[in-house]
Every structure is written in structure tokens, then in C-alpha cells.
Amino acid sequence: MYTQALDSPGPELASAVPAAEAERERRFQERIDRDEKIEPKDWMPEAYRQTLIRQIAQHAHSEIVGMLPEGNWITRAPSLRRKAVLVAKVQDEGGHGMYLYSAAETLGVSRGELIGQLLAGRAKYSSIFNYPTLTWADIGAIGWLVDGAAIMNQIPLCRCSYGPYARAMVRICKEESFHQRQGYEIMLTLARSGTRAQREMAQDALNRWWWPSLMMFGPSDTDSVHTAQSMRWRIKRFTNDELRQKFIDATVPQARFLGLSIPDADLRWDEATQHYATGPIDWSEFQAVLKGEGPCNRERMGARRAAHESGQWVREAAAAYADKQRARPASGRSGYAQAS
């Protein structure tokens, strides 16, 4: 009762609250501008906190759902070495999701709440994972293109203004670089050392994954709702279009080394800008996939819900064990005293 009253400013304080809040926000922005890290116990604007929760949760969900297209190929990988590498990669992705859920929890939201939002269809994850993996070359394309795009997005996050997120990204980026090399090595084997059928399979995978990979960076800057504020808070360091251009400039020469063709008739080198220019992206496809109309949206969420339900007994057992461990010290000490 008393604290509730203290939390409600009286008439004489009402006009002072906005000014005090504005001053705190000014000092907060000054810390951001000095490149200081914001930590969980530091004061932060509620909008900053909510922006981080949204972004980190979407990132975590993407890592977890992203296990599904590749996990589907573990038993069908063409060699024991390929199986072992793919198992390690899928395991890494699960670990990335756990790092990120932990980072989100420092902002006052529970992991259970975030997962509940995903399973209920109220949370987003990367649209790229709603495309099917039809051949083994798709696993190479995912590693090369999807993880390559992820690295381009994630390396700047190592300098994110929020400390727990930035520190989680350092380890994640190290592992993602391994994933990208793994995928490129698969494509290299198929395209440079493989049979004609294998080269055609690699080209087909590139044809299907190229445009969805470009969409991974999000809508163009003119249509992005969150970019400007996230840049001001230094949650993001580059805009969507800047990151997309970096990815294109890095990836086109790699494709040419593989002897593969980028599926874009308008692709050309622009001497004036010193960048590759591309044709228009079909953003209607991007929006459709986000709305749940992708080739595998229902399949992905169905698999996640089934896995969550089948794992209920594990969560209950873990909770029971934790309760037992918490109760053990007191009972253990009393039992020792009686024995003495």
C-alpha cells in the first residue's frame, strides 16, 4: 500500500516528472554517443528495452527455427564426415538461441514468455527458414549465403550498445564464420570437383536461395520502421541497405570463383559507385512469407510446437530436480547432525 502510493506522483510532482524523464534520456543518449555499454541494471528508456527485446527475441527464434531445414539432412548427408560437421553446426545453432534467450532475460522478460509468443504465432523469425531444402546443395547454399548474410548482419552487433547482446554476439560470430566456410566448401566441392549433375544441383540451389538471402537484411531503408532509432541508439551500426550491399559485393566474386551464375540479369559492376548494382527485389514475396504464406511456414511451426509438447516431460523433470536440489542443503545438514 505505501509503496504504491509513493509510486504515484502527487499534483505538485506531475509537471516535474516529464522534465526529469527527459533529462535521464538525455544522459542516456550521451552515454550511447560516447560508445559506453549499457548494462542490465542501468537505467534505460522503455522504448530502448522493448526494441532490444523484439530484436533479440526475433534473433533467438531464428536460430532455433533455423535448425530445422538443416537437421532434416543429417541422416542423408553423403558421408560420415559431412554428418559429423552438420551435427556440430545444428548444435551450434541451438546454442546460439540459448545465448540470445539468456541475453533477452536480462531485460526482464522470461524465456518461457518469448517461446510462448513464438509458438502462438505472435513472434517473428527470419523469413529465410520458411524455404525448403530440396537437395544436399541447399545445405551448402544455406551455409554460404544464409550464414554469410547472418555474419554481415551480426559482426556489427558485437559493438551493440547493450552489453549482454554484444558479448553474446562475439562467440556467435566466431561459430557462424565456421558455418559459412562449411557451406562454401560444400558448394566448392559440388561446383568445381563434382559431376555435371552436381554442378547443376549447386547452380539450382544458388538460383533458389539468392533472392531470399538478400531479403534477410530486411526491407529497404525507405520502408524500414525501426532502423533510424536503432541506429541512434547504436543497437545497429549500419542500415539494411548498407549491409545488403556489403553482402552482394563480397558474394558475387565468390560465385564467379565457383563458376556459378548469380540469378540476376540486371547484375552489373557500377564504376561510379564501386559497387555491384542489382535488379529489383520482389518485396511482395518477402511480405507474403512474413505473413505465413511461405512454402514451409506451417511445417516449421508445426515441428516447433510438436517438439515443445514432446519435451514437456523433460522440462517437468528438470524443474522437479531443481526443487529437490534447493531443498537438499537443509535436509542434508539436519540428517548429518542426527547421524553425529
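The sections below describe the model shown above.

## Basis

This is a predicted model, in which local features need pLDDT of at least 70, side-chain atom pairs count only at pLDDT 80 or more, and totals for chains, interfaces and linings use all residues. Residues are numbered from 1 along each chain as its sequence is written, and side-chain values use heavy atoms, with hydrogens and water left out.

## Overall form

The protein has 15 helices and 2 strands; these are DSSP runs numbered from the N terminus, with helices being H or I of at least four residues and strands E of at least two. Its C-alpha atoms fill a box of roughly 75 × 65 × 35 Å along the principal axes.

Of the 340 residues, 43% count as buried (under 20% relative accessible area; exposed is over 50% and partly exposed in between, with a 1.4 Å probe and protein chains only). Among contacts (heavy atoms within 4.5 Å) with a separation of 6 or more, 77% come from residues 24 or more positions apart.

## Nonpolar core

A nonpolar core is a set of buried Ala, Val, Leu, Ile, Met, Phe, Trp, Tyr and Cys residues joined through side-chain atoms within 4.5 Å. The largest one holds 78 residues, of which Tyr48, Leu52, Tyr162, Tyr165, Trp209 and Trp210 touch the most other members. Helix 9 (residues 163-193) gives the most to this core, with 10 residues. Not counting residues up to four places away in sequence, Leu52 touches Ala57, Leu107, Cys160, Tyr162, Tyr165 and Ile235.

Helix 9 also contains Gln182, which is buried at a relative accessible area of 8%. Beyond its neighbours within four places in sequence, Gln182 is in contact with Val85, Leu86, Lys89, Ile139 and Gly143.

## Charged pairs

The structure holds 24 salt bridges (a side-chain nitrogen of Lys or Arg within 4 Å of a carboxyl oxygen of Asp or Glu). One of them joins Glu21 and Arg24 at 3.4 Å, N to O; both residues lie in helix 3 (residues 16-33), 3 residues apart, about one turn of the helix. Another pairs Glu36 with Arg31 at 2.8 Å, N to O. Glu36 is partly exposed at 29%, and Arg31 is partly exposed at 22%.

Arg237 and Asp35 meet in a salt bridge of 2.9 Å, N to O. Arg237 lies in the loop between helix 11 (227-232) and helix 12 (240-258), and Asp35 in the loop between helix 3 and helix 4 (46-65), so the pair ties together parts 202 residues apart in sequence. Arg237 is buried at 18%, whereas Asp35 is partly exposed at 41%. Salt bridges that share partners also join Glu23, Arg26, Arg27 and Glu30 into one network.
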